[in-house]
Amino acid sequence: MYLDSLIKVSEIENISFETKARLDRTNIEGWLKTVGGFSNAVGGSFFIGVENGTEKLIGFDRVSADAERNYFTSIVNEHVFPRPNMKISFIKYENRGKELFVIRIDIKESAIKPVIVKFHEVPSIYMRRDGFTNGATYEEIFDMARKSSRTQYDVEESDYKFDRNDFKGLFAFYARHNDDRKLTDKALASMGFFNSARNLCNGALLFSDNKYDKSKTRVNCSVFSGFTRGSNRIVTINRFENNLTDSIDNIMDFVSQRMNHSMIKRPDGRQNIDAYPKRALFEAVVNAIAHRNYHLDGTQIQVDMFKDRLEIISPGGFFQGGDIKKTYNLSNIISKRRNELICNVLVACNVMEAAGTGFDKIMEEYSDVDEAHKPYVVSSSDQFTIVLPDNTYSEGVTGADSELDLSFVPAKNASVHDAKILAFCYEHARKANEIAAKIKVSDSSWFRSNILENLVEQEYLEKYKAGASYWYKTNREEVFVQE
């Protein structure tokens, strides 16, 4: 039996479609890019349980079909951003008296483009053309962004109606920061909290007591015993899925209860010192909540406390600002609002400056410290990080760029650079030119073939292609962090 026995031939001829007998667990990027390609083009249908090329029906029994569907959904949720608009259905048929199923996934063209497939921490953009899926060109990516009907997540209209009883937490938060004044319906309406029909916006729901999407508000807080994530035991870990005002309070409480305190002598007496100045900490937390990319499902704000610093990582790069290399001059960063409604509410609550001077306040709180204790920010395409040094740690920030202490059997024909390369690629995938720059050698064909490929051949490095570049990541089954 073949696919055309289950659906109309004209339907096959008139839609974009792809078939797979089974989802390949060893090469998930091979079929994930089809999902991304359909989303970035005009949509299409993906059939699982159908032999590729011949369109012969392979099918699943009921239990296996359900398991394959669940695997597909979990992998897409983990690696494709924003989540594609999909409808998954089962097509039942019989073969020799046995009930079998084909899984059909109808993927619509995304209103939010480009849709990104992120694999091994490397983002890629794919486009479906003439029945094939390949990397999108620069022109296509630009055109997708230009034509996208994307709006800010927080101002999109929801189906929920405004009811003051759903926002008791927000009103209490507002009163606490505004001398017990009341946040009125008129003030909320003026911000765009709800429309004339009293339909709430998505951003308003994130402030509600129980109607918010928990996948949008996840916060993960951790305390590490040392300087890096990979080399030290996690002392404490807390996870929160609360509304935005509770998230601010939860992060502040988590850090405040666990940070170090010290005392220094002054001519006029002793002065208590907190690891992180309260005002700077608060501004950093509010920044993460206010400018998080809420389009990205399955992500979380990450708050990590190390021996020498605090890192607050917010999903989504610096809005309309491109990548920001490690910079200490926070005052020169021009903050642009990703979430207009959320920012307006936080400004009304008196916890955020309308003028966008939060970074200036962080700088002010650290104005008297030495260079080793200066706060800094780093932004990439998918996250924005604020680093606050621990003022009670005398040496300042030492661990953020430190190399991991790795344990591995030396490779055959080992080079003096192997340990440094494996440490550099342990937590993040890197391109060859990045690795060469890190170890301060020329990015030559000799370097690639004799050093990198030697590690790849002996399975110390994993090599894969994303877009036009090859990326390298340390194989954690062969290389271990020493405790």
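## Helix α14

Buried means under 20% relative accessible area. In this predicted model, helix α14 covers residues 445-457, and its buried residues are F447, I451, L452, E453, N454, L455 and V456. Just after α14 comes E459, whose phi is positive, at about 65°.

## The four-stranded sheet

Four strands form an open sheet in the order β3-β6-β7-β8, with antiparallel pairing. Its edge strands, each pairing on one side only, are β3 (80-81) and β8 (132-135). Strands of a sheet pair through backbone hydrogen bonds, and the pairing can be parallel or antiparallel.

Between β3 and β6, which run antiparallel, there are 2 bridges. Opposite I116 in β6 stands F81.

## E121, between two strands

The loop between β6 (116-119) and β7 (122-129) holds E121. E121 counts as partly exposed because its relative accessibility is 39%, and the partly exposed class lies between under 20% (buried) and over 50% (exposed).

Leaving aside residues up to four places away in sequence, E121 touches E427, H428, A429 and K473. H79 is 42 residues from E121 in sequence, and the two are 9.1 Å apart in space, C-alpha to C-alpha.

Conventions. Residues are numbered from 1 along each chain as its sequence is written. This is a predicted model: local features need pLDDT of at least 70, side-chain atom pairs count only at pLDDT 80 or more; totals for chains, interfaces and linings use all residues. Side-chain values use heavy atoms; hydrogens and water are left out. Buried means under 20% relative accessible area, exposed over 50%, partly exposed in between (1.4 Å probe, protein chains only). Contact means heavy atoms within 4.5 Å. Two strands pair if DSSP finds at least two bridges between them.
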